[in-house]
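Have the sequence and the model open while you read.

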Amino acid sequence: MKKVEGQAVSWGLTDGVVELALHREPCNEIGLLTLDELERFVAALEKLKGEAHALIIYSSLDCGFSAGADLKELFRISREMDRVEALKGVRDYLERIHRVMNAIDASPLTTIAAVHGVTFGGGFELALVCDLIIADKMARFCFPELRLGLIPGFGGIPRLKRDLGNAIVRDLLLTGRSFNATKAQQVGLVCQMVAEGESLRVARATADQLKKFDRRASTAAKDFIKPIPYEELRREIEIFCELFAQPAVEAGLRRFAESTEAQPYLP
Amino acid sequence: MRSSNQTLEEILTLAAAHFKVAREKLAPDDDFFRTLGLNSLQTLELLTRLEHHFRIELPDYELQGVSDFRTLAERIQARL
């Protein structure tokens, strides 16, 4: 199959493995451009699933997997609209990104996130939809949304609750602190921690192993062990939109968007 | 167990090696953001490298307002 090269993401199929590369500078912020291209990818994935057994999602940028939602774009667009319009725009964006995330989460393929560096917010949520997370030892995970007066909006909380113990979920969300790959592996988020620069190679080796298995058995096993918490995902959108309507969010977004400090992710 | 001075020296050596600055150009009371020219991603990278080196967890908020190597060493020492 021909490779599809987008401005933010690219994908292709080789030897039964679909690879989705994220490459939008500066650090794979997920804004409207990336969302458009992810929607095209998900439509393509539906057609590729018969020829593939695995999907690998990775970043080709040095900075990391993804810094999450494009908050600067969100702030800029929100300022150009009145509050009602802005809220409608945010809801529409969330509905679209949830459809993308749910489609990858429910894919019959075995999905692997190969992560390194910054894996924050929406980027973390993209990794969470995958069946396996393979992390470079320099990967760093964080949900900084509470610092903006928000909760994660791309399905993060329901999926964290599905995959991890509640105590670590509370730690991640309520403190907003970031943690490294060692900790992520200790709590069961990361299945393999590898040396710097090795996550994609190991993900490909893992995908190569997976092709030895019968697809129907792999898909049946995945259906059995990986429920998708649709009801909680809907609730998350509602809570996010309620919070987004609060004035504190605009102030938080402004502080982030206009910050020139070395640690803008800190309140 | 490491002494505070050992911890400080290891931080300075690690920062010099990783950010390719001569060790003798770094002093304990230097502002590491300025001396190393750190942006936000590099700051996270330094934090991760320190955590791996010392085998500790260092929550970001413990470093809020910390900008010199000596205070950084104190924060790390408190978790050894």
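A residue is called buried under 20% relative accessible area, exposed over 50%, and partly exposed in between (1.4 Å probe, protein chains only). This is a predicted model, where local features need pLDDT of at least 70, side-chain atom pairs count only at pLDDT 80 or more, and totals for chains, interfaces and linings use all residues. Residues are numbered from 1 along each chain as its sequence is written, chains are lettered from A and ligands numbered from 1 in the order in which they are written, and side-chain values use heavy atoms, with hydrogens and water left out.

| Residue | Phi | Relative accessible area |
|---|---|---|
| A:Asn28 | about 55° | 4% |
| B:Lys20 | about 55° | 75% |

By those cut-offs A:Asn28 is buried, whereas B:Lys20 is exposed. Where do they sit? A:Asn28 lies in the loop between S3 and S4 of chain A, and B:Lys20 is in the loop between helix H1 (4–18) and helix H2 (32–36) of chain B. Helix and strand labels are DSSP runs numbered from the N terminus: helices are H or I with at least four residues, strands are E with at least two.

The loop that holds A:Asn28 has another feature to look at. A:Pro26 also has its place there, between strand S3 (17–22) and strand S4 (29–30) of chain A. The peptide bond leading from A:Glu25 into A:Pro26 is cis, with omega near 0°.

**Strand pairing in chain A**

Strands of a sheet pair through backbone hydrogen bonds, either parallel or antiparallel. Here, two strands pair if DSSP finds at least two bridges between them.

Take strand S10 (residues 132–136) of chain A: 4 of its 5 residues are buried, so the strand is largely enclosed by the rest of the structure. Which strands does S10(A) pair with? Strand S8 (residues 110–115) of chain A runs parallel to S10(A), joined by 4 bridges, and A:Ile112 stands opposite A:Leu132. Strand S13 (residues 192–194) of chain A also pairs with S10(A) in the parallel sense, over 3 bridges; A:Asp136 has A:Val194 as its bridge partner there.

Elsewhere in chain A, 4 strands make up an open sheet with mixed pairing, in the order S6-S9-S11-S12. Its edges are strand S6 (64–66) and strand S12 (179–180), each of which pairs on one side only.

**Chain B as a whole**

How many helices and strands does chain B have? There are 4 helices and 0 strands, giving the pattern α-α-α-α along the sequence. Its radius of gyration (over C-alpha atoms) is 11 Å, close to the 12 Å that the globule rule gives for 80 residues, so chain B is as compact as a globular protein of that length; the rule is 2.2 Å times the number of residues to the power 0.38. Along the principal axes, the C-alpha atoms of chain B fill a box of roughly 30 × 25 × 20 Å.

Of the 80 residues of chain B, 46% count as buried. For contacts (heavy atoms within 4.5 Å) in chain B with a separation of 6 or more, 54% come from residues 24 or more positions apart.
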